[in-house]
Amino acid sequence: QVQVEETGGGSVQAGGSLRLSCVVSGRIFRINVMGWHRQAPGKQRELVAEIPSSGTEIYSDSVKGRFTISRDDAKNTVTLQMNSLEPEDTAVYYCNTVLLPSTGPRVGNYWGQGTQVTVSS
């Protein structure tokens, strides 16, 4: 069993900041990718940022320069620092991880329940 749990989120005015955190727990052998997606009302879920176990972070064009993703492999956590928030950032944010569970036999894609971020103008 693998659990993905997000914390953070909430409501903020445009220009403000929020910090999202996610912890992955359970029977994990190796975490390959950790990241964040979001889904706004009436829109498809989209990638916000992700960070592989080795390599460079990936950001969507809409958040580059404003959001920063980081991970702590010792704690199996990933954090998304969101600055200069805009009303267009309003969405449910989902933590996502691609990992190999210790029970095997193959890599799987796991999601958190989501946390609401609301930015008012």
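1. Val48 is buried, at 0% relative accessibility. The model is predicted, so read every value here as computed from it. Val48 belongs to strand S5, which covers residues 46–52. Setting aside neighbours within four places in sequence, Val48 touches Trp36, His37, Arg38, Ile58, Tyr59, Ser60, Val63, Phe67, Leu80 and Tyr93.

2. Thr97 sits in strand S9, residues 91–101. Its side chain has a polar partner. A polar atom of the Thr97 side chain lies 3.0 Å from the backbone oxygen of Val33. Val33 is also in the contact list of Thr97. Beyond four places in sequence, that list also holds Val4, Val24, Ile31, Met34, Gly108, Asn109 and Tyr110.

3. Strand S9 also carries Cys95. How many disulfides does the model hold? The count is 1. The disulfide joins Cys22 to Cys95, with an S to S distance of 2.0 Å. Cys22 lies in strand S3 (residues 18–26) and Cys95 in strand S9, so the bond links distant parts of the chain, 73 residues apart. The torsion about the S-S bond is about -85°, and the disulfide is therefore left-handed. Are the two cysteines buried or exposed? Cys22 is buried, at 1% relative accessibility. Cys95 is buried too, at 0%. Both values fall under the 20% cut-off for buried.

4. Next, the aromatic side chains. The count of aromatic pairs is 1. Tyr94 and Trp111 form it: the ring centres are 6.5 Å apart and the planes stand at 80°, which makes the pair edge-to-face. The angle decides the label, because planes over 60 degrees apart count as edge-to-face. Tyr94 is in strand S9 and Trp111 in strand S10 (residues 108–111), so the pair ties together parts that are 17 residues apart in sequence. Tyr94 counts as buried, at 13% relative accessibility, whereas Trp111 is partly exposed, at 32%.

5. Arg45 belongs with this aromatic pair. Arg45 lies over the face of Tyr94, at 3.7 Å from the ring centre. Arg45 also lies over the face of Trp111, at 4.7 Å from the ring centre.

6. Now the charged pairs. How many salt bridges does the structure hold? There are 6. One of them pairs Lys64 with Asp61, at 3.3 Å from N to O. Asp61 is exposed, with 65% relative accessibility. Another pairs Arg71 with Asp73, at 2.7 Å from N to O. Here the partners fall into separate classes. Arg71 is buried, with a relative accessible area of 18%. Asp73 is partly exposed, at 45%.

7. Arg66 and Glu86 form a further salt bridge, with the closest N and O atoms 3.8 Å apart. This pair links distant parts of the chain, 20 residues apart. Arg66 is in the loop between strand S6 (58–59) and strand S7 (67–72). Glu86 is in the loop between strand S8 (77–82) and S9. Arg66 is buried, with a relative accessible area of 12%. Glu86 counts as partly exposed, at 33%.

8. Which residues make up the salt-bridge network? Salt bridges with shared partners join Arg38, Glu46, Arg66, Glu86 and Asp89 into one network. Arg38 is among the residues in contact with Val48.

Terms used
Residues are numbered from 1 along each chain as its sequence is written. This is a predicted model: local features need pLDDT of at least 70, side-chain atom pairs count only at pLDDT 80 or more; totals for chains, interfaces and linings use all residues. Side-chain values use heavy atoms; hydrogens and water are left out. Helices (H or I, at least four residues) and strands (E, at least two) are DSSP runs, numbered from the N terminus. A polar contact is a pair of N or O atoms within 3.5 Å; within protein, one must be able to donate a hydrogen and the other to accept it, and residues adjacent in sequence count only if both atoms are side-chain atoms. Contact means heavy atoms within 4.5 Å. Rings of Phe, Tyr and Trp (its six-membered ring) pair if their centres lie within 6.5 Å; planes under 30 degrees apart count as stacked, over 60 as edge-to-face and the rest as tilted. Buried means under 20% relative accessible area, exposed over 50%, partly exposed in between (1.4 Å probe, protein chains only). A charge sits over a ring if NZ of Lys or CZ of Arg is within 6 Å of the ring centre and within 35 degrees of the ring normal. A disulfide is a pair of cysteine sulfur atoms within 2.5 Å. A salt bridge is a side-chain nitrogen of Lys or Arg within 4 Å of a carboxyl oxygen of Asp or Glu.
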